[in-house]
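Please read it alongside the model.

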Amino acid sequence: MRTAAPAPRVIAVVGPTAAGKSDLGVALAQHFGGEVVNADSMQLYRGMDIGTAKLTPAERVGIPHHLLDIWDVTEAASVAEYQKLARAEIDRLLADGRTPVLVGGSGLYVRGAIDALEFPGTDPAVRARLEEELELRGPGVLHARLAAADPDAGRAILPSNGRRIVRALEVIEITGKPFTANLPGPDSIYDTVQIGVDVARPELDERIALRVDRMWEAGLVDEVRTLEAQGLREGRTAARALGYQQVLAALAGECAEEEARAETVRATKRFARRQDSWFRRDPRVHWLSGAAQDRAELPHRALALVERAVTA
């Protein structure tokens, strides 16, 4: 692609899983002389390649990608830590005259990177009590309590994501306010254009099922076996990643492998709906069709959108 008008300071490509964000991010970075900054919480983990649909080096076509493969699978994810890392990358790229293209479907990570968010501190006693309850009673009970205290947080956080449920309940207890009340309204710290990739639900569901089949064919089960030897099962965040959680259950004899594959499809479809709901609430996101019939035109429409935002 040819170089065009100056880009805005930051471009963010967001939306549900399997919508086509990664390829669009590469196309925009190529056009504007930019680099990609990952905003997918699970692509931060080393070795979690197949199950997170991480682009291969060949698929990145020479575009540098940052904040991939930075954490061991035993490390607990931290949005606050990610925020520091992402802003450091964005600031460095801007100082070098490069366009940061933030790409990912982890809504809180995107907002942490580009918005004026301050994350509440932690209380070790409260955290320990909630984690003990999680261990004894399971995430479902705590998720029901969260949904009653903060319906928006209940909708945004998967019922199986015990760590995020514990964190939300901890913040509610520390601050006396709903978890989502601690997230202020849109307040960007960068001049940012956000592009949402929109795919109708029936087509997106088909893509998810096909993607999961391809992950299995590409060796997801073997990838999980390798990571299990590196401590994946003990990882409080990575072990709950879609696909990895289900394969770990199959390897432990808790279900058949085919059941694990089917549950991965179902869980990913549910997760995609939550992602879509999260980003739809942000009025700054400009939605463009990523449907099959529009896929060839998507990069051109995104470029036109970005260039309009620059000249507006």
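**Salt bridges and a buried helix face**

1. Arg280 is partly exposed, at 38% relative accessibility (buried means under 20% relative accessible area, exposed over 50%, partly exposed in between; 1.4 Å probe, protein chains only). Its salt-bridge partner is Asp276, with the closest N and O atoms 3.2 Å apart (a side-chain nitrogen of Lys or Arg within 4 Å of a carboxyl oxygen of Asp or Glu). Asp276 counts as buried at 18%. Both residues belong to helix H11, four residues apart, about one turn of the helix (helices, H or I, at least four residues, and strands, E, at least two, are DSSP runs numbered from the N terminus).

2. This is a predicted model: local features need pLDDT of at least 70, side-chain atom pairs count only at pLDDT 80 or more, and totals for chains, interfaces and linings use all residues. Residues are numbered from 1 along each chain as its sequence is written, and side-chain values use heavy atoms, leaving out hydrogens and water.

3. The structure holds 28 salt bridges. One of them joins Arg284 and Asp115 (2.8 Å, N to O). Arg284 lies in the loop between helix H11 (257-280) and strand S6 (285-289), and Asp115 in the loop between helix H3 (107-114) and H4, so the pair ties together parts 169 residues apart in sequence. Asp115 is buried, with a relative accessible area of 0%. A network of salt bridges links Arg111, Asp115, Asp282 and Arg284.

4. In helix H5 (residues 139-149), the residues Leu142, His143 and Leu146 are buried. They lie on the same side of H5, because they cover an arc of only 100° around the axis (taken from the directions from the helix axis to the C-beta atoms).
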